[in-house]
Amino acid sequence: MYIVGTSGHIDHGKTSLIRALTGIDCDRLPEEKEREMTIDIGFASMDYPKFGTVSIVDVPGHERFIRNMVAGAWGVDIALLVIALDDGWMLQTEDHFRVLQLLNIERIIVVINKADLGDEEMISIVTDDVNEKLAGTRYEGSDIIAVSARTGQGVAGLKELVLENLKKLARAAETEKPYMYVDRVFSPRGVGTVITGTLKNGIFRDNDNVTVLPALKEVKIKKIESHYRELQEGVPSQRTALNLGGIAMEEMHRGNIICRSNFFTATRDVIAVAKLLGDKKRVKNNTHIELLTGTDSITGKLILLNENDTLQGETLVRIRFDEKNFFYPGQPFVLANPGGYRIIGGGRIVIPAFDPPVHRKGLRSVASGMEIQSREDFVALNVAVNGWMMKDRIHAFLPASRRAVEKIITDLEQSGSIITRNDYVIWKNWYSEAKESVKRAVTSLLGPNMKEISDRSGVAMEICAMLMKEIQKEEVLLEKD
C-alpha cells in the first residue's frame with residue numbers, strides 16, 4: 001500500500017483535484033464548508049486494477065494551518081504539488097515544497113491546476129518556472145502535468161501518472177517494529193475508541209498488544225480497518241484505523257504514537273542535524289522553536305553547540321523541549337516559529353537522549369569531522385558520544401530489524417570506526433583512551449579492587465572487567481581474590 005498526498009498554496013485547488021480524481025470531498029468539517037477552505041487533513045482513496053487501493057491525504061494550504069499540513073504530509077510516499085496556472089509558484093507553495101524535502105518524501109508530481117484559465121503558452125511559462133524551482137533539489141526532473149479539476153482536462157492522465165510513479169517507489173519497510181502517529185480520534189456509538197493514522201515499519205494484527213505513547217499504556221487492537229474495509233492485519237504505508245480496547249477516547253490525542261515494539265526514546269534533550277531555510281541564515285542561541293514531527297508539535301529551545309555556528313548548511317544543534325517526548329535516530333522533523341505559522345528549517349534527530357555531563361566531551365571530539373547522513377552515521381555518532389554501547393541497546397533504539405542492525409555494526413567494524421567485544425560495541429578512539437586510563441588506575445593504587453579501578457579511571461565496571469583481561473595478557477599483574 002502507498003500514500004499519495006497533496007501540497008501547495010491555498011486556493012490552488014488541492015481538494016477539488018482530489019474530488020476530480022476520486023469523487024470524494026475531503027472537506028468534512030462544517031467550518032470548511034462554510035469558509036470554502038481546507039482547515040484540517042482529509043482522506044480519500046483510489047483503486048487501481050491489479051495494483052490495489054491507494055490512500056490519498058489532503059492538506060490545508062493556509063499558513064495558519066502549517067501544523068496540519070505537516071501532520072498530513074508525514075508518511076506520504078508521493079506528493080502532488082498543486083500550482084494554480086493563474087497564480088504560479090507562491091509563498092505557501094515554497095513552504096510546502098520545503099516540507100516535502102525536509103520529510104524526505106520519496107517522489108513528487110507537480111500538478112499545474114486550473115489549466116482551463118490559460119493557453120499552452122501560459123502553461124509553458126509556468127512549467128519553465130517550476131523546473132527552475134526543482135533544479136538542484138532531489139526532485140529535479142519530476143513529472144509535471146497540466147490539468148483542470150473543474151473541467152476534468154488531464155485528470156485521467158494524472159491518474160495514470162500517479163500509477164507510473166507508484167511503481168517506481170521503493171518497497172515499504174517491514175522491520176517488525178510497526179508504529180503509527182495518531183491523526184484522528186473518535187468514538188462511534190457502541191464501538192469504543194478508534195484512532196487513525198498512517199502505518200509504518202511493520203504489520204499490526206487483530207488482538208495485538210500495542211503501547212500508546214506518551215502514556216506508556218498497553219492496549220489491545222480489537223479491530224483493523226482501512227477505508228471502511230475490515231482487515232485481519234494492517235500493512236506498512238497504509239491508512240489504518242484501529243479500534244482499541246482498554247483506553248478511553250479522552251486519553252488519546254493527535255500526536256500520540258502507537259507501537260508494538262517500543263524503539264522510541266523518552267527524552268527532553270536531543271542532538272539533531274538541522275538546517276535553516278530561505279533567508280534564515282543566522283539564529284540566536286536559545287531561540288524558541290516549535291518542532292513538527294509525525295502528527296505532533298512540540299515546543300522547545302534551539303541551542304547552538306558553538307556560539308559561532310550560523311546554521312549555514314547542515315549543523316549539529318541541541319534542542320531542549322519543554323516536556324518529555326519520544327524520538328528515534330534518523331527521525332525527520334520540521335522547525336517552525338512558535339505558533340507554527342512559518343517554516344524556518346528542519347532536519348533529523350541523531351542522538352535521541354542527550355545528557356550534557358555525560359555526552360558533551362565525546363560530542364565535541366567527533367562532531368566537527370563526522371558526516372551524518374545514513375543509519376550507519378547515526379549509530380557511529382551515538383557510540384562515539386557514549387564511548388560504548390550494548391548491541392541490544394543499539395537494536396532497541398533504532399526502527400531497524402535486528403538483522404539490519406547487525407549489518408550496520410559489522411560495516412562500522414570493518415571500516416575501523418568501532419571495536420566489538422562480545423555484546424559490547426566500543427568507539428575505537430575511546431577504547432584506546434579507556435585502556436590507558438585503566439592501566440594508570442591499576443599502577444596508582446596498591447591492590448585495588450575492580451570498583452576502585454573503575455572509580456579512579458572513570459570507566460564503567462563492566463568495561464573495566466573486560467579491559468583488565470586484555471591488560472593481563474600484555475602486562476605482569478598479580479591477581480588475588
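Tyr-179 is in contact, leaving aside its neighbours within four places in sequence, with Trp-74, Thr-198, Leu-199, Lys-200, Asn-201, Phe-204, Ile-257, Ile-258, Cys-259, Phe-263, Phe-264 and Tyr-328. The model in which these contacts are found is a predicted one. Tyr-179 also belongs to the largest nonpolar core, a group of 45 residues, and is listed among those with the most contacts inside it, together with Met-69, Val-99, Leu-103, Ile-108, Phe-264 and Val-334. At least two residues of this core come from each of α3 (66–73), β4, α4 (91–102), β5, α5, β7, β15 (257–259) and β20 (332–336). Apart from this core lies another, of 30 residues, which includes Ile-351, Val-405, Ile-409 and Leu-412. In soluble globular proteins, nonpolar side chains tend to be buried together.

The open sheet may be taken next. Six strands form it, in the order β2-β3-β1-β4-β5-β6, with mixed pairing. Its edges are held by β2 (42–48) and β6 (143–146); each has a single partner strand, so one side of each is left without a neighbour in the sheet. From one strand to the next the twist averages 25 degrees. Strands of a sheet pair through backbone hydrogen bonds, either parallel or antiparallel. Within this sheet, strand β1 (residues 3–8) and strand β4 (residues 78–84) pair in the parallel sense over five bridges, and Val-4 stands opposite Ile-78 in β4.

Two helices lie across strands of this sheet. Helix α1 (residues 14–22) lies across β1, β2, β3 (52–58), β4 and β5 (107–113), and runs at about 160 degrees to β3. Helix α5 (residues 120–134) lies across β4, β5 and β6, and runs at about 155 degrees to β5.

The side chain of Thr-6 makes a polar contact of 2.8 Å with the side chain of Asp-58. Beyond residues up to four places away in sequence, Thr-6 touches Lys-14, Ile-18, Val-57, Asp-58, Val-59 and Leu-80.

Asp-183 is found in strand β7 (residues 179–186), and a polar contact of 2.7 Å joins its side chain to that of Thr-196. Not counting residues up to four places away in sequence, Asp-183 touches Ile-41, Phe-43, Thr-196, Gly-197, Thr-198, Arg-239, Arg-254 and Thr-295.

Strand β10 (residues 209–213) is mostly covered, four of its five residues being buried. In the antiparallel sense, β10 pairs with strand β11 (residues 217–226) over four bridges, and Val-210 has Val-219 in β11 as its bridge partner. The hairpin of β10 and β11 has three residues between the strands, and in it Leu-216 takes a positive phi near 55 degrees. Three bridges also join β10 to β15, and these two strands run antiparallel; here the bridge partner of Val-212 is Ile-258 in β15. Ile-258 is also one of the residues in contact with Tyr-179.

Another hairpin is made by β17 and β18, with two residues between the strands; in it Gly-294 takes a positive phi near 60 degrees. Strand β17 (residues 287–293) and strand β18 (residues 296–304) pair in the antiparallel sense over seven bridges, and Leu-292 has Ser-297 in β18 as its bridge partner. On to strand β19 (residues 315–327), β18 is joined by five bridges, and the two run antiparallel. In this pairing the bridge partner of Leu-302 is Ile-319 in β19.

The cysteines close the account. The structure holds zero disulfides. Cys-259, which is in contact with Tyr-179, counts as buried at 0% relative accessibility. Cys-464 is likewise buried, with a relative accessible area of 0%.

Definitions and conventions. Residues are numbered from 1 along each chain as its sequence is written. This is a predicted model: local features need pLDDT of at least 70, side-chain atom pairs count only at pLDDT 80 or more; totals for chains, interfaces and linings use all residues. Side-chain values use heavy atoms; hydrogens and water are left out. A polar contact is a pair of N or O atoms within 3.5 Å; within protein, one must be able to donate a hydrogen and the other to accept it, and residues adjacent in sequence count only if both atoms are side-chain atoms. Contact means heavy atoms within 4.5 Å. Two strands pair if DSSP finds at least two bridges between them. Axes are lines fitted to C-alpha atoms, for helices over the stretch in contact, and angles run from 0 to 180 degrees between N-to-C directions. A nonpolar core is a set of buried Ala, Val, Leu, Ile, Met, Phe, Trp, Tyr and Cys residues joined through side-chain atoms within 4.5 Å. Buried means under 20% relative accessible area, exposed over 50%, partly exposed in between (1.4 Å probe, protein chains only). A disulfide is a pair of cysteine sulfur atoms within 2.5 Å.
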